[in-house]
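Welcome! Here is a short tour for someone meeting this structure for the first time. Please take a look at the model below, and then we can walk through it together.

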Amino acid sequence: MARAIYPGTFDPVTNGHLDIVERASHAVDHLTIGVVEISSKRTMFNLDERIEMFAEAVANLSNVSVQSYSGLTVNAAREIGASVIVRGLRITSDFEYESEMALMNRRMAGDVETICLFSALEYQILSSSRVKEVAALGADVSDLVPKNVLRPLVERLEERREK
Ligand code: ADP
């Protein structure tokens, strides 16, 4: 296996995402984390913030890089020379969506294969949206997100509360 892309919104990156990246990085030569460009009206963190937080969290992984992309994931994969799309699967929530997406991507690009890694047991119920939801209500999320994400998350929630 050569290059792979791990696409997502990562708003913000969680320890579940990080676990997928660490495990996938052992299986490929190079892993590009593809942070999708979407309107910052729909996200808590803008594109640069989402990239920066992920890049900081994976700084210790030498064969992992982070970049933005827009449009179809299969096009981004081809542009960077990735033959594999990596996705993470939580048992109860992801199978239907991920399998439909994988089949659609294969229909568009038969040369790009989707490989799903099962989420670790401790991250099965972890998602960016759940983290934001419970953190906004005052929960301690320090064991759910990388260390460098905690401060920006708390600050952004405070900014929103003040508005
Ligand atoms: P998207 O907007 O593409 O769903 P996300 O940032 O939510 O982007 O997730 C990116 C990928 O990471 C998806 O494949 C998703 O299923 C996976 N993922 C999200 N949370 C976890 C987790 N806790 N454990 C494993 N994989 C996860």
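β4 is mostly covered, with 6 of its 6 residues buried.

A word on the model itself: it is predicted, so local features need pLDDT of at least 70 and side-chain atom pairs count only at pLDDT 80 or more, whereas totals for chains, interfaces and linings use all residues. Residues are numbered from 1 along each chain as its sequence is written, and side-chain values use heavy atoms, with hydrogens and water left out.

**The sheet and its helices**

Strands (E, at least two residues) and helices (H or I, at least four) are DSSP runs, numbered from the N terminus. Two strands are said to pair if DSSP finds at least two bridges between them. With that in mind, in what order do the strands of the sheet lie? The open sheet of 5 strands has the order β3-β2-β1-β4-β5, with parallel pairing. Its edge strands are β3 (64-69) and β5 (113-118), each of which pairs on one side only. From one strand to the next, the twist averages 30°; angles such as this run from 0 to 180 degrees between N-to-C directions, and the axes are lines fitted to C-alpha atoms, for helices over the stretch in contact.

You can follow the pairing strand by strand. β4 and β5 pair in the parallel sense over 6 bridges, and Val-84 stands opposite Glu-113 in β5. β1 and β4 pair in the parallel sense over 2 bridges, with Ile-5 opposite Ile-85 in β4. Strand β2 (residues 30-36) and β3 are joined by 6 bridges, also in the parallel sense, and Ile-33 stands opposite Val-66 in β3.

Helix α1 (residues 15-27) packs on this sheet, touching β1 (3-8), β2, β3, β4 (84-89) and β5. Contact here means heavy atoms within 4.5 Å. The direction of α1 makes about 120° with that of β5. Helix α4 (residues 95-108) lies across β4 and β5, running at about 170° to β4.

**Charged pairs**

Side chains of opposite charge can pair when their charged atoms come close. A salt bridge is counted when a side-chain nitrogen of Lys or Arg is within 4 Å of a carboxyl oxygen of Asp or Glu. How many salt bridges does the structure hold? The structure holds 10 salt bridges, including these:

| Pair | N to O distance |
|---|---|
| Lys-132 and Asp-11 | 2.8 Å |
| Arg-23 and Asp-19 | 2.8 Å |
| Asp-94 and Arg-90 | 2.8 Å |

Lys-132 lies in helix α5 (residues 128-136) and Asp-11 in the loop between β1 and α1, so this pair ties together parts that are 121 residues apart in sequence. Both Lys-132 and Asp-11 are buried. Arg-23 and Asp-19 are 4 residues apart in helix α1, and therefore separated by about one helical turn. Arg-23 is partly exposed at 32% relative accessibility, whereas Asp-19 is buried at 14%. Asp-94 is buried at 7%, while Arg-90 is partly exposed at 22%. Elsewhere, Glu-49, Arg-156 and Glu-159 are linked in a network of salt bridges.

**Loops and surface**

Ser-127 sits in the loop between β5 and α5. Is Ser-127 buried or exposed? At 18% relative accessibility, Ser-127 counts as buried. Leaving aside residues up to four places away in sequence, Ser-127 touches Thr-14 and Arg-90.

Ser-142 is found in the loop between α5 and α6 (147-162), and is partly exposed at 37% relative accessible area. The C-alpha atoms of Ser-142 and Gly-81 are separated by 36 Å, and these residues are 61 residues apart along the chain.

Finally, Leu-72 belongs to the loop between β3 and α3 (73-80) and is partly exposed, with a relative accessible area of 41%.

Note on methods. Buried means under 20% relative accessible area, exposed over 50%, partly exposed in between (1.4 Å probe, protein chains only).
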